Amino acid sequence: MISPKIQTAINDQINAEFWSAYLYLSMAMNFESKGHAGVANWFRIQFREEQAHAEILINYLNQRGGRVVLAPIAAVETEWATPLAAFEATLEHEQKVTSLINNLFALAEEEKDYATRDRLAWFVSEQVEEEDNCRQLIDKYRLIADNGMGLYMLDQELATRTYAAPSPLSTAE
Ligand code: FEO
């Protein structure tokens, strides 16, 4: 059985993951409407990844005999002028998510809930990857600046991103 404190904290994180999904879908829609099909694709994949993160926590809480309670998802922004602005906002958001995960990890340790700590270890590594991917894209967009051909080529590159279910879901752990 899971402690009420950990259960509440995991439910909060489920909400944060769904909020992230909603944010990235909003970014995808923004760039879809502005003709950046590749950027829109990248954020649509990101949207699916965030839903998968929520699902990992949902499955985990159920596995531990806990109760998933879905709270309302707060509103998200709807306008980003450039891909660079959106990726900068993404990095800032992911850094916040990293601290949420770290706080949850610390709480699990404090409560001696080692199963939860182990489950969260996957998220700790995932955050390193997410921040790094985002930083690399920011570097590329800064390098390209307003170069039309560069922006076109990078958009083509982002169009090739495909979705792969994260390992905790694909291996049905
Ligand atoms: Fe669910 Fe982008 O971290």
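Reply: The count comes to 2 cavities of 30 Å³ or more. On a 1 Å grid over the protein atoms alone, a cavity is a set of points where a 1.4 Å probe fits but cannot get out; lining residues have an atom within 4 Å of a point. Grid points are joined across faces, edges and corners, and a volume is the space filled by probe spheres set on the points.

This is a predicted model: local features need pLDDT of at least 70, side-chain atom pairs count only at pLDDT 80 or more, and totals for chains, interfaces and linings use all residues. Residues are numbered from 1 along each chain as its sequence is written, and side-chain values use heavy atoms, without hydrogens and water.

The second largest cavity has a volume of about 30 Å³. Two or more of the lining residues come from each of α2 (37-63), α3 (83-110) and α4 (114-144). Helices here are DSSP runs (H or I, at least four residues), numbered from the N terminus. By class, the lining has 2 nonpolar, 3 polar and 2 charged residues.

Now follow α4. This helix gives the most to the lining, with 3 residues. A kink of about 25 degrees is centred on Leu 120. The bend at a residue is the angle between axes fitted to the seven residues ending there and the seven starting there. Just after α4, Ala 145 has a positive phi of about 50 degrees.

Conventions. On a 1 Å grid over the protein atoms alone, a cavity is a set of points where a 1.4 Å probe fits but cannot get out, and a pocket is an open set with protein on both sides within 12 Å along at least five of seven lines; lining residues have an atom within 4 Å of a point. Ala, Val, Leu, Ile, Met, Phe, Trp, Tyr, Cys and Pro count as nonpolar, Asp, Glu, Lys and Arg as charged, and the others, Gly among them, as polar.
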